Amino acid sequence: MAVIGITDEGETEDMGVARLNLDDQEYEFPVIVGSEGEVAIQSHALRSLTGAITLDPGYGNTGSCRSAITFIDGEQGILRYRGYPIEQLAEEASFVEVCYLLIYGELPNEEELEDFRARLRRHTLIHEDMKKFFEAYPPTAHPMAILSSMISSLATFYSEEEDVDLHVVRLIAKLPTIASFSYKKSIGQPFVYPQNDLGYAENFLNMMFSVPCEDYEPPPVLARALNMLLILHADHEQNCSTSTVRMVGSSGASLFAAISAGIDALSGPLHGGANQQVIEMLEAIRDSGDDFSEFVGRAKDRNDPFRLMGFGHRVYKNFDPRASILKGAADEVLAELGVDDPLLEIARSLEDVALRDQFFVDRKLYPNVDFYSGIIYRAMGLPTNMFTVMFALGRLPGWLAHWKEMSVDPDNRINRPRQIYTGAGARDYLPLADR
Ligand code: SDX
């Protein structure tokens, strides 16, 4: 791959270095090219050589690591887990297979998959003492806050000395149990224990929707939809919550602490919390009877903090391939469930209006993964405040894969960005009487 050099003579080809001219001094920095042709200037010697740092708020142009887990091409709308296209995995794989693929790097063979499933089945319960924690939460507690606290509390039951892969299995096996318990707590129903003869999706649906006084069979259409939704959310390279997991992990903190921090980062409305916000926005549009002009107008108004939730993306400047899959799945799942949700039609019309509006076209704002996912979760019978919990269930294997990759990366060091100070210069303390 010819590397484009950046020199004061303009762009040239086949340069293995990038040259920087600062204060009439020229510096060279090595350039690396990834397996998909991505080019990076290695700047770790920048400050020692030049005394200067880079400033990149939000890290939009800053690579934090080399990673072999997920590849995204934002311009082409490409997403691959360990090289496998998301379209194929969403259509043909099971979520448990995708967990194994992301964490261990290859699709499991039959024996490896059965062994992994058996290990997961052995760890679906949580310690009975952890059930007491739920009694202390108010019924209105947001399940994401419960999830983060419970995952952090797992560290009090298990030793750091134990094998990391055992902790990986524990987290994948226990997250659905904790998530469903937080839902049952919020509706005042008894907890439903995991059933190890059920598949991952079926077991979660059973814990969520079965009640002791009735028979419940997880509908296959819901299990298929859940399996696909979890796969679509399983990883997305260095997004905010995954970078949080890597940052917390870089200090040597426990895996449980890092995953708990990832859950907290995901809960933000600009990140995983957007799927809940999308539904609330669509309901507001429905209730206002607006023809979208008010909401689209507000989204375009620089003085209005309102954003069109479920639109835009730091990386995708084309369709988010996950949104394309979910757009099609929403029709299929609602039709198969016989659900006629007016919010789906509102979502489609809003997308149509936005994609023809120059403001969105100029900024390449397309629907992202959160725009249609909530419509499907609603049709499945999930309450809105559980939507981001579903995102966390899906993203867990990605967080685990990145934490493991970080923990063995020879380049890894505690994450500690620099800053440009803009505050007051040196001054002496003033006694209170003199202020
Ligand atoms: C996820 O990183 C990942 O991979 C995340 C994720 C994953 O799988 O982990 O894909 C999951 O978090 C998806 C994103 C979910 N969030 C939302 O849907 C919230 C709404 N979207 C925006 O807040 C925004 O688009 C972000 C946060 C997603 C991206 O923000 P950026 O990259 O910082 O872009 P920006 O805010 O600088 O916006 C650039 C311009 C601005 O306008 P100008 O200042 O240039 O005039 O676009 C505008 C923004 O005002 N803009 C929007 C908008 N998103 C961006 N205007 C209206 N509505 C929007 N949704």
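Q: From which terminus are the helices and strands numbered?
A: Helices (H or I, at least four residues) and strands (E, at least two) are DSSP runs. This being a predicted model, those runs are read from predicted coordinates. The numbering of helices and strands starts at the N terminus.

Q: In which segment is I414 found?
A: I414 counts as exposed, at 55% relative accessibility, and the cut-off for exposed is over 50%. As for its place in the chain, I414 sits in the segment after α18.

Q: Which residues does I414 touch, leaving out those up to four places away in sequence?
A: Take S251 to begin with: in sequence I414 and S251 are 163 residues apart, yet C-alpha to C-alpha they are 5.2 Å apart in space. Once residues up to four places away in sequence are left out, I414 touches S250 and S251.

Q: Which residues of helix α10 are buried?
A: Helix α10 spans residues 240–250. What covers its buried residues includes α11 (255–266) and α18. Just after α10, G252 has a positive phi of about 90 degrees. Back inside the helix, the buried residues are S241, T242, T244, V245, R246, G249 and S250.

Q: Is H402 buried or exposed?
A: H402 lies in helix α18 (residues 387–407). The cut-off for buried is under 20% relative accessible area. H402 has 0% relative accessibility, so it counts as buried.

Q: Which residues is L232 in contact with, leaving aside neighbours within four places in sequence?
A: L232 is in helix α9 (residues 220–232), and its relative accessible area of 0% makes it buried. Beyond the neighbours within four places in sequence, L232 is in contact with Y81, I86, A90, R322, I325 and L326.

Q: How far is a polar side-chain atom of R322 from an oxygen atom of the ligand?
A: R322 is one of the residues that come nearest to the ligand, along with H236, R302, H313 and R314. R322 also turns up among the contacts of L232. From a polar side-chain atom of R322 to an oxygen atom of the ligand, the distance is 2.7 Å.

Q: How much of the ligand's 1,100 Å² does the protein bury?
A: R307 has a side-chain N or O atom 3.1 Å from an oxygen atom of the ligand, while for N368 that kind of distance is 3.0 Å. Taken alone, the ligand exposes 1,100 Å². The share of this area that the protein buries is 78%.

Q: How many nonpolar residues does the shell around the ligand have?
A: There are 23 residues around the ligand. By class, seven are polar and seven are charged. The nonpolar residues in this shell number nine.

Q: How many of the 10 residues of helix α3 are buried?
A: The buried residues of α3 include F95, V96, V98 and C99, and Y100, L101, L102 and I103 belong to the list as well. Just after α3, G105 takes a positive phi of about 95 degrees. Helix α3 (residues 95–104) is largely enclosed by the rest of the structure, because the number of its 10 residues that are buried is eight.

Q: What is the phi of R82, which is not a glycine?
A: R82 is in the loop between β7 (78–81) and β8 (84–85). With a relative accessible area of 23%, R82 is partly exposed. Another residue other than glycine with a positive phi is Y59, near 55 degrees, in the loop between α1 (46–50) and β6 (70–73). For R82, phi is positive at about 50 degrees.

Q: What separates the C-alpha atoms of E135 and S94?
A: E135 has its place in helix α5 (residues 128–136) and is exposed, with a relative accessible area of 62%. Along the chain, E135 and S94 are 41 residues apart. Between their C-alpha atoms the separation is 34 Å.

Q: How far apart are the C-alpha centres of domain 1 and domain 2?
A: The domain assignment gives domain 1 as 6–55 and domain 2 as 70–399. The distance between the C-alpha centres of these two domains is 39 Å.

Terms used:
Residues numbered from 1 in each chain as written. Predicted model: local features only at pLDDT ≥ 70, side-chain atom pairs only at ≥ 80, totals over all residues. Heavy atoms only, no water. Domains from an automatic or database assignment. Near = heavy atom within 4 Å. Polar contact = N/O pair within 3.5 Å; in protein donor to acceptor, adjacent residues only side chain to side chain. Areas by Shrake-Rupley, 256 points an atom, 1.4 Å probe, with all protein chains shown as cover. Nonpolar A, V, L, I, M, F, W, Y, C, P; charged D, E, K, R; others polar. Buried < 20%, exposed > 50% of the residue type's maximum accessible area, 1.4 Å probe, protein only. Contact = heavy atoms within 4.5 Å.
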